[in-house]
Amino acid sequence: TMTVFYFLLYAIYGLLYGSPSAVFGVLVFGFGIVRIVLCFFPQNNWFHHEGNLRWSLYRNIPFAIVGVAMIILELSAGTAYGVHMAIAIAISFGCYLPVTLFAKKHPAIGALMMPKTLAYVWMIAIGLSLLG
């Protein structure tokens, strides 16, 4: 769902500011689709408590590329909304990535999913403020 969220954010960016260069489309949609496909591999061990750290890295590297591309894209808008959106995206990734890497060994790190979720709520609030 997070990947689809960034697909929607990219589409909204295009509606607000015009179509970005094709490079951003490839980065966001190309790596997003790669991430979605990687999530379907059984090696992820979704149904086992221990998971698979290697596959967590495989599927989250393309997602991080999507995030960096969206941060750059939002900053390139040159608006306060774009800056706020870039900050919210950075916060969400800053909270999400440690969870994917370290939460199995240190479960308390999983609490970072709360500020990550709040960053998504902030992104939605920014988007809604653009409509009104």
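Visitor: How many aromatic pairs are there, and by what rule?
Guide: The count is twelve aromatic pairs. Rings of Phe, Tyr and Trp (its six-membered ring) pair if their centres lie within 6.5 Å; planes under 30 degrees apart are stacked, over 60 edge-to-face, and the rest tilted. This is a predicted model, where local features need pLDDT of at least 70 and side-chain atom pairs count only at pLDDT 80 or more, while totals for chains, interfaces and linings use all residues. Residues are numbered from 1 along each chain as its sequence is written, and side-chain values use heavy atoms, leaving out hydrogens and water.

Visitor: What is the geometry of Tyr6 and Phe93?
Guide: Tyr6 and Phe93 are tilted, with 5.6 Å centre to centre and 40° between the planes. The pair links distant parts of the chain, 87 residues apart: Tyr6 is in helix α1 (residues 2-17) and Phe93 in helix α4 (residues 80-102). Helices here are DSSP runs (H or I, at least four residues), as are strands (E, at least two), numbered from the N terminus.

Visitor: Buried or exposed, those two?
Guide: Tyr6 is buried at a relative accessible area of 0%, and Phe93 is buried at 9%. Buried means under 20% relative accessible area, exposed over 50%, and partly exposed in between (1.4 Å probe, protein chains only).

Visitor: Which residues form the aromatic cluster?
Guide: Phe5, Tyr6, Phe63, Phe93, Tyr96 and Tyr120 form one cluster.

Visitor: What sits over the ring of Phe63?
Guide: The charged end of Arg35, 4.2 Å from the ring centre. The rule asks for NZ of Lys or CZ of Arg within 6 Å of the ring centre and within 35 degrees of the ring normal.

Visitor: Switching to α5. Which of its residues are buried?
Guide: Lys116, Ala119, Tyr120, Met123 and Ile126. They lie on the same side of α5, because they cover an arc of only 115° around the axis, taken from the directions from the helix axis to the C-beta atoms.

Visitor: And what covers them?
Guide: The cover includes α1, α3 and α4. On the other side of α5, Met114, Leu118, Leu128 and Leu131 are exposed.

Visitor: Where is Asn45, and what is its phi?
Guide: Asn45 lies in the loop between α2 (22-39) and α3 (53-76). Its phi is near 55°, a positive value in a residue other than glycine. Most residues other than glycine have a negative phi.

Visitor: How many helices and strands overall?
Guide: The chain has five helices and zero strands. Of its 132 residues, 35% count as buried.

Terms used. Contact means heavy atoms within 4.5 Å.
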